[in-house]
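Subject: Structure handover

Hi,

Here is the structure I promised you. Please open it alongside this email; my notes follow below.

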Amino acid sequence: MRVLVITGAGVSAESGIPTFRGKDGYWRNLDPAKLATPEAFARDPKLVWEWYSERRQRICNAQPNAAHAAIAKLARHADEFLLVTQNVDDLHARAGLPKEKMVQIHGDIFVTKCSRCDFSEEGRGGSPEPPTDRAVLQRGRLRSIAPTSEDIINLAYCPECDALMRPGVVWFGEQLPWSELQRVENYFDRGPCDVVIVAGTTATFGYIIDWALQARAPHGELIEVNPEETPLSQFATQLVREPAAIALPKIVDELVVSR
Ligand code: OAD
């Protein structure tokens, strides 16, 4: 069985991570779609870092849920498997999915990278401790600006070129990382998939729909797991209108038994 799974924020929702477009997505009355942009960072880097810092903290305090566990189980049983996730959290990895079976197409929130050159570093260094921006910053050359509140956010500057450091995620309007795109293309080039599962995403981006359709073999399954309709729904061979943590364990058990 050759499998592609595509996930979005809905898969982490039951771990307590707010989705982008859901009602809990707003932060301090601000729309994440307007914070996750190069323009917002240029205008107010401290505000954008505060948002990402809070999200890092929340992710560190969260646990993978039954949906993450089911996907890791499917990866163990499939002959060939790739997860393409739009999620920048580490919950798939913490559920036991090996890095080589996963593409984080929108980046990794625990990476801090230079906004100008190629310098980057892991924000948390594999430790289960919540990352603090101070910890990240201590490794670079630091300049603190306007520490005001309890959760002080110091802006960090690149030790190589002195530009502002930023979260290692893909913002609206930015290109997808080339190396990760190549990994997706390579997987497609090696053959079509018997099963494609798309879970917890509004499938807003055209490439998500394209990949799901491109990957599916002519008689393969395209299973959508989402309580709500999306632009992908019309193409699905199976629609599962349930939360991912309920639906995915059942779907995976059926697939594992039947193949
Ligand atoms: P969204 O917030 O757009 O959508 C979350 C989806 O999950 C919605 O379709 C919900 O119906 C669904 N959902 C909610 N709870 C669920 C649950 N318990 N089980 C299953 N599904 C559930 O998140 P994404 O589609 O991931 O990109 O957003 C895609 C991208 O847009 C993000 O990666 C981010 C964002 O802006 C960038 O920042 C580039």
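Start at the ligand. A backbone N or O atom of Gly-200 lies 3.2 Å from one of the ligand's oxygen atoms. Keep in mind that this is a predicted model. Gln-86 also contributes through its backbone: a polar atom there is 3.2 Å from a ligand oxygen. His-106 uses its side chain instead, with a polar atom 2.7 Å from an oxygen atom of the ligand.

How much of the ligand does the protein cover? On its own, the ligand has 790 Å² of accessible area, and the protein covers 90% of that.

Next, a sheet worth a look. It is open, has three strands, and runs in the order β5-β4-β8. The pairing is antiparallel. As background, strands of a sheet pair through backbone hydrogen bonds. β5 (120–122) and β8 (165–169) are the edge strands. Each has a single partner strand, so one side of each lacks a neighbour in the sheet. On average, neighbouring strands here are turned by 35 degrees against each other, direction ignored.

β4 covers residues 107–114 and pairs with β8 over four bridges, in the antiparallel sense.

- Thr-112 stands opposite Pro-167 of β8.
- Gly-107 has Val-169 in β8 as its bridge partner.

Helix α4 (residues 45–61) packs on this sheet. The helix touches both β4 and β8. Its direction makes about 140 degrees with that of β4.

Is β8 enclosed or open to the outside? Five of its five residues are buried, so β8 is largely enclosed by the rest of the structure. Note that β8 is still an edge strand within the sheet. Buried here means under 20% relative accessible area, counting protein chains only.

Finally, the chain as a whole:

- The protein chain has 259 residues, and buried ones make up 50% of them.
- Its secondary structure comes to ten helices and eleven strands.
- Its accessible surface is about 12,400 Å², with 51% belonging to carbon and sulfur atoms.
- Of the contacts with a separation of 6 or more, 65% are between residues 24 or more positions apart.

Best wishes

Terms used: Residues numbered from 1 in each chain as written. Predicted model: local features only at pLDDT ≥ 70, side-chain atom pairs only at ≥ 80, totals over all residues. Heavy atoms only, no water. Pairing = 2+ DSSP bridges. Helix = DSSP H or I, 4+ residues; strand = E, 2+ residues; numbered from the N terminus. Axes fitted to C-alpha atoms, helices over the stretch in contact; angles between N-to-C directions. Contact = heavy atoms within 4.5 Å. Polar contact = N/O pair within 3.5 Å; in protein donor to acceptor, adjacent residues only side chain to side chain. Areas by Shrake-Rupley, 256 points an atom, 1.4 Å probe, with all protein chains shown as cover. Buried < 20%, exposed > 50% of the residue type's maximum accessible area, 1.4 Å probe, protein only.
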